[in-house]
Amino acid sequence: MAGTSIVEDIELIIEDIGGGGGKNPPPGGDDGDEGGRRRGPQVPSSRRYATAIVIAIVSIVMFFMAMASAFIYTRANSNRWVPLHLPSVIWVNTAILLLSSGAMELSRRRLALADVRQFRKLWFVATALGILFLAGQLVAWRQFVLAGFYVSTNQASSFFYIFTGLHGLHLLGGICALLYVSFRKFEKAKVSRSVAAEVASYYWHFMDGLWVFLLALLYLGK
Amino acid sequence: MVTYDSGCTGAPEAPPPGFLARTLFNSGHKAIGLRYLWLALGSVLLGMLLSLLMRIHSVWPGVQIPFLSGFGSTPERYTALTMFHGSLMVFLVLTTAPQAGFGNYFLPLQIGAREMAFPLMNLISFWATVASLVGMTAAFFVQPDAGLTLWTASVALFCFAALLTAFNFTVTTLDLRAKGMTLPRMPLTVWAWFINAILSMLIFSILLAACVFLLSDRLLASQFFSPLAFLSRQPASLVQSTMLSLWQRLFWFFAQAEVYVAMLPCFGIVSHLLSTFSRKPVWAERAAVLALCSVGLFGFCVWGQHMFSSGLNPWSPLVFSLLASSLGLPACVLLCSWFGTLWNAKIQLNTAMLFALGFVSLFLAGGVSGLFLVRNDLAAASISDEFVTGHFHLVMGVAATFAILGALFFWFPKIFARHLNETLGKLHFWLTFAGVYCVFMPMHWLGLIAHSHVSSSDAAVAALGPSPLISISASPSASLRAFVTVATILTIAAQVLFLLNFIWSLWRGEKTEGRNPWRSTTLEWRVPSPPPIENFGVREPVVYRGAYEFAAAGVVEDFAPQDVAPAPSARASQMKQAAEASTKEN
């Protein structure tokens with residue numbers, strides 16, 4: 001069952017993350033500083049954002065799993081299922097999205113070598129490919145409409161539009177995150193560039209994997 | 001806009017916030033928590049009035065109430081009334097008050113943090129909740145068809161808000177705990193909020209998906225649930241078996257777990273109150289934490305319990321029945337923990353404690369009738385009859401309300417620096433306690449009477465539709481139903497006592513002496529009342545102890561706050577013992 005395993009996963013994550021807890025605190029009171037330590041200039045923990053993105057991903061997984069299970073259920077029980085012919089441009093789009101993920105990893109490697117110029121260039125490439133993917137999805141919609149398939153045509157086309165539409169919406173959020181990493185001046189920000197890039201890349205790769213999953217579902221379940 | 005910047009201690013003071021920043025756009029966790037509580041208070045009053053209307057309409061259909069008789073006078077209006085009552089109570093009261101209300105206010109304080117992890121997100125979530133309340137209210141007044149679309153959109157918005165809140169709670173608990181606040185040292189309230197946040201994040205995603213499907217069906221004419229053009233040409237049995245079953249699955253996957261979303265924080269609060277006012281540690285604390293976790297886990301696996309009669313695979317009711325019965329295990333562990341805490345304790349019987357004990361009583365009474373409902377053969381015939389209504393109102397609605405009231409009496413001194421009046425509070429407690437039993441216990445009985453009628457009469461009566469009870473209103477159950485209605489009126493009238501007490505105490509209540517009137521151990525009692533904006537000031541608390549160290553060794557009083565270091569002598573003796581142990585090993 002989908003829900004059960006996810007809860008277990010989360011519990012594993014919890015065990016892994018010490019939070020503010022961890023080991024016992026050093027014994028206080030010796031230096032007259034009883035019951036408290038002075039709050040220094042606290043750097044917001046980068047772990048907070050990594051934790052946050054993992055949790056957000058779990059939640060989004062649950063959202064799309066509900067939709068996927070509805071698809072599988074309808075496919076199995078419907079007696080008026082009309083097979084779906086996916087628009088051809090969708091395969092090109094998929095390749096573009098995979099390339100975008102690759103470009104992002106290359107760019108993060110550059111960042112690890114402190115090569116911010118190359119990082120920016122490659123990051124732009126990744127972002128541009130992401131935008132290209134979205135445009136390609138619109139072209140796919142156009143092809144689908146020209147072929148005479150609308151949202152209300154049949155069950156399969158309803159699922160096609162809702163899957164691509166909601167994935168596109170989530171991807172749009174990802175593009176905003178990529179643009180933020182591109183244009184933010186990190187000298188003044190609370191997060192460092194590498195943390196922001198890391199968190200954005202988790203989400204981006206997840207969007208990539210999610211798209212492959214949805215496409216496989218639509219293709220195999222047609 | 002006030003946004004939290006944890007790195008600004010050395011920076012110059014920000015200018016004092018303007019009016020809007022202090023009110024509408026205040027993203028402080030205490031301000032938001034308090035506003036959620038006000039929202040829940042307004043919703044619960046409205047919801048109670050609606051239930052009053054429903055009872056009156058169902059028992060005395062001819063009666064004319066000035067201004068209000070239009071609501072619920074026709075079957076469609078009556079259905080809308082029920083739906084509005086349910087949405088208000090489940091979403092805006094039971095989901096919101098214990099988690100988003102008290103949780104937002106006290107989670108950062110109890111874990112020693114200064115703010116929630118994402119204050120702006122918290123603010124967005126609050127206003128989305130308000131918007132969904134407005135949407136649900138508007139949906140009640142417009143035409144049924146448009147109203148349903150509006151209602152679905154409002155629920156989707158509420159899901160979104162609940163997801164943001166749950167997300168915030170999870171990250172805050174994982175990442176912002178004070179030094180030394182290890183997982184085993186977290187108070188049970190924090191545990192409950194945390195587990196509940198994870199559970200809500202998973203199930204509200206599913207309801208959101210279902211709402212998106214439904215909205216898309218209604219607005220874009222997609223074909224997920226019930227393409228009407230198709231349905232009109234098909235035999236009814238086919239429609240029943242495929243289309244509606246999908247919605248039922250998605251909805252009940254959410255809705256059964258939603259019961260535990262409402263209850264989990266209440267479990268935490270009740271454990272906390274029982275321990276504090278028994279002056280004893282929570283009995284078997286680890287087992288209680290594990291029970292909370294398993295309530296969350298099992299809550300996921302029981303959605304089929306509501307679908308015994310909707311064409312499932314014949315084996316699955318058996319499985320779901322077993323799974324649903326297994327929820328009794330964590331419930332028993334929690335009950336044992338509560339009774340173990342109370343055992344041989346010097347109980348302080350104030351109003352907060354009374355409400356916590358009332359919760360235990362209601363939970364037990366409502367839970368026992370749940371044992372009948374998990375039996376697939378018994379429950380199959382009882383969809384939406386009064387037995388079920390009595391059961392879930394007792395165990396979920398009223399019990400959770402008691403926990404919320406207990407929490408309010410407990411934390412009121414911290415939030416407003418004044419006490420609620422104890423005499424009025426106890427009077428209110430006893431009237432409500434007797435009242436809810438008089439309302440909901442006879443409902444179980446009514447359900448059983450209806451069963452005996454339905455099973456003895458012919459199929460024609462059962463075919464009348466969802467409520468064959470109307471046809472047998474002349475039976476003895478009519479007087480019982482009138483009794484329930486009178487009891488409802490009296491119970492709701494008793495709530496005036498609470499409102500008076502609440503409003504009077506806000507301005508005239510007895511002022512609290514000191515920071516810690518209940519002599520409690522957790523961190524929120526270590527700051528002044530009401531807590532300052534930055535909670536702990538420049539000194540960040542360090543935690544040295546578990547959350548329930550009452551009557552601990554080596555302390556002068558009968559409790560040890562979590563941030564008090566062990567006395568040097570005690571520590572020395574501990575170190576000495578450790579040294580002895582290590583020499584022995586050698």
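How close do the axes of helix α3 and helix α5 of chain B come, and at what angle do they cross? The legends below take this pair of helices, then the chain as a whole, then one more helix. The model shown is predicted.

**View 1. Helices α3 and α5 of chain B cross at roughly 15 degrees.** Here α3(B) covers residues 75–111 and α5(B) covers residues 144–175, and their axes come within 11 Å. Angles under 35 degrees count as roughly parallel, so that's what we call α3(B) and α5(B). The crossing of α3(B) past α5(B) is left-handed.

**View 2. A look at the residues where α3(B) and α5(B) touch.** On the α3(B) side, the contact includes Glu76(B), Phe91(B), Gly103(B) and Ile111(B). From α5(B), Pro144(B), Phe158(B), Ala162(B) and Thr173(B) are among the residues joining in. Sorted by class, this contact has ten nonpolar, six polar and one charged residues.

**View 3. Chain B has 18 helices and one strand.** Of its 586 residues, 51% are buried. Now take the contacts in chain B between residues at least 6 apart in sequence: 82% of them join residues at least 24 apart.

View 4. An α-helix has 3.6 residues a turn, so residues three or four places apart point the same way.

Notes: Residues are numbered from 1 along each chain as its sequence is written. Chains are lettered from A and ligands numbered from 1 in the order in which they are written. This is a predicted model: local features need pLDDT of at least 70, side-chain atom pairs count only at pLDDT 80 or more; totals for chains, interfaces and linings use all residues. Helices (H or I, at least four residues) and strands (E, at least two) are DSSP runs, numbered from the N terminus. A residue is buried if 20 or more other C-beta atoms lie within 10 Å of its own, exposed if 12 or fewer, and partly exposed in between; C-beta atoms are placed from the backbone. Two residues are in contact if their C-beta atoms, placed from the backbone, lie within 7 Å. Axes are lines fitted to C-alpha atoms, for helices over the stretch in contact, and angles run from 0 to 180 degrees between N-to-C directions. Angles under 35 degrees count as roughly parallel, over 145 as roughly antiparallel, 65 to 115 as roughly perpendicular and the rest as oblique. A crossing is left-handed if the near helix is turned anticlockwise from the far one by less than a right angle, and right-handed if clockwise. Ala, Val, Leu, Ile, Met, Phe, Trp, Tyr, Cys and Pro count as nonpolar, Asp, Glu, Lys and Arg as charged, and the others, Gly among them, as polar.
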